Amino acid sequence: MSKNPWKQNPWFESVAVAQQRAKKRLPSSVYGALVAGSERGQSMSDNEAAFMELGFAPHVAGHQAKREMATTVMGQEISLPVIMSPTGVQAVHPDGEVAVARAAAARGTVIGLSNFASRSVEEVVAANPATFFQMYWTGDRDVMIQRMERANAAGAQGLIATLDWSFSMGRDWGSPEIPEKVDFKTAMKFAPQVMRKPRWLKSFATNLPDLTAPNLAAPGEKKGPTFFGAYYEWMTTPPPSWEDVEWMREQWHQLSGKPFMLKGVCRVDDALRAVDAGVSAISVSNHGGNNLDGTPAPIRALPAVAGAVGDQIEVLLDGGIRRGSDVVKAVALGARAVMIGRAYLWGLAANGQAGVENVLDILRSGADSALLGMGVSSIHEVTPEHLVMAPGFARELGPVAQRS
Ligand SMILES: Cc1cc2nc3c(=O)[nH]c(=O)nc-3n(C[C@H](O)[C@H](O)[C@H](O)COP(=O)(O)O)c2cc1C
């Protein structure tokens, strides 16, 4: 009997299929860490559901034979308006962020590298020179400057400051257990779930994830703190003020002269303050529904934010992007580009670097179909008129009075 060529085809046709494969392949605690979310998961669900509330108004003829979607984000040329949002991808795949960086480079886009990442900024920049380094507000000022200096010296092309974190966890579906380190004792404890995932285990071979954060290593030290060590430092750092945002942007500018993004903005008044603080870009985001539950989907907050500051700084969006049409909807409502999180994590888990490339290809072809249907020759031509948006869809967050 001839072999069925499709039987083990690792290619997937949608991000949802990649997620199903990730669920099948990963140990339950690793999969659970990627699902993440906070509290009752209201924001996490709204991030995806809101895109379903937006429709298209396609033309029947007059379509364009060629469609363009290249753009730039913080000075980096990208072949489609999608970049990789920073995520700590510990233990998903042995190549971790290096595989994501290679895939992004192969498809002509940027990787945002989390300061909690499992691979060093030096390795990631070597795989993709278009890297933005992401930092939380953690550690004292000298430590922060030292981390910025390291990222700049490694060749990172921009800094992303993520400040939307309120340590709100308590998930109704339960949080996965994350071990402090992977030693024999932990291996035995996690053995029942890990043994059920032999392909994942085999991919790590002898090189089990060490669950440390190399980009937070003290100068001269090779190994970074464990995830819990890093989280403790973060929790015990006094929260930042707007002056601190300005300070961080200024330090980065002085030492690198490179652009700075504030990630996690959803209110109009905060977007205006970010402009005053001198940022180059913001991402309208609720941290993928992992921060304060009840924050509306960023796609709902985008029109007001983009309307207020879109002519002064670059406005991006992240949260809930699962298909190319979502990318086009976000651009139509004022985003210059979007950042994806779980979508590429599912691809990485399903098929490593090729899986992340697969996700980017899905987004590109889906966006291209939407542009074809709209009858435009460039993504820069899409506007809210191309969408079907029910009254009350959008949300303006923050007091309108502060805008004058
Ligand atoms: C597992 C996981 C880890 C994340 N880690 C970080 C992080 O280290 N730094 C950061 O700025 N955002 C982090 N995020 C948020 C993402 O950058 C992004 O805002 C979010 O995933 C976008 O939503 P999406 O997953 O629906 O695309 C993380 C998100 C997930 C799901």
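Start by selecting strand β7 (residues 158–162) and strand β8: the two pair in the parallel sense over four bridges. Strands here are DSSP runs of type E with at least two residues, helices are H or I runs of at least four, and both are numbered from the N terminus; two strands pair if DSSP finds at least two bridges between them. Before moving on, know that this is a predicted model, where local features need pLDDT of at least 70, side-chain atom pairs count only at pLDDT 80 or more, and totals for chains, interfaces and linings use all residues. Residues are numbered from 1 along each chain as its sequence is written, and side-chain values use heavy atoms, leaving out hydrogens and water.

Now click T162, which stands opposite K263 in β8. Is β8 buried or exposed? Six of the six residues in β8 (residues 260–265) are buried, so the strand is largely enclosed by the rest of the structure. Buried means under 20% relative accessible area, exposed over 50%, and partly exposed in between (1.4 Å probe, protein chains only).

Next, pick strand β9 (residues 281–285), which runs parallel to β8 and is joined to it by four bridges. Look for M261 opposite A281 in β9.

Last stop: the ligand. Select K263 again, where a polar side-chain atom lies 3.0 Å from a nitrogen atom of the ligand. Then try P86: one of its backbone N or O atoms is 2.7 Å from a ligand oxygen atom. Finish on R322, with a side-chain N or O atom 3.1 Å from an oxygen atom of the ligand.

Definitions and conventions:
A polar contact is a pair of N or O atoms within 3.5 Å; within protein, one must be able to donate a hydrogen and the other to accept it, and residues adjacent in sequence count only if both atoms are side-chain atoms.
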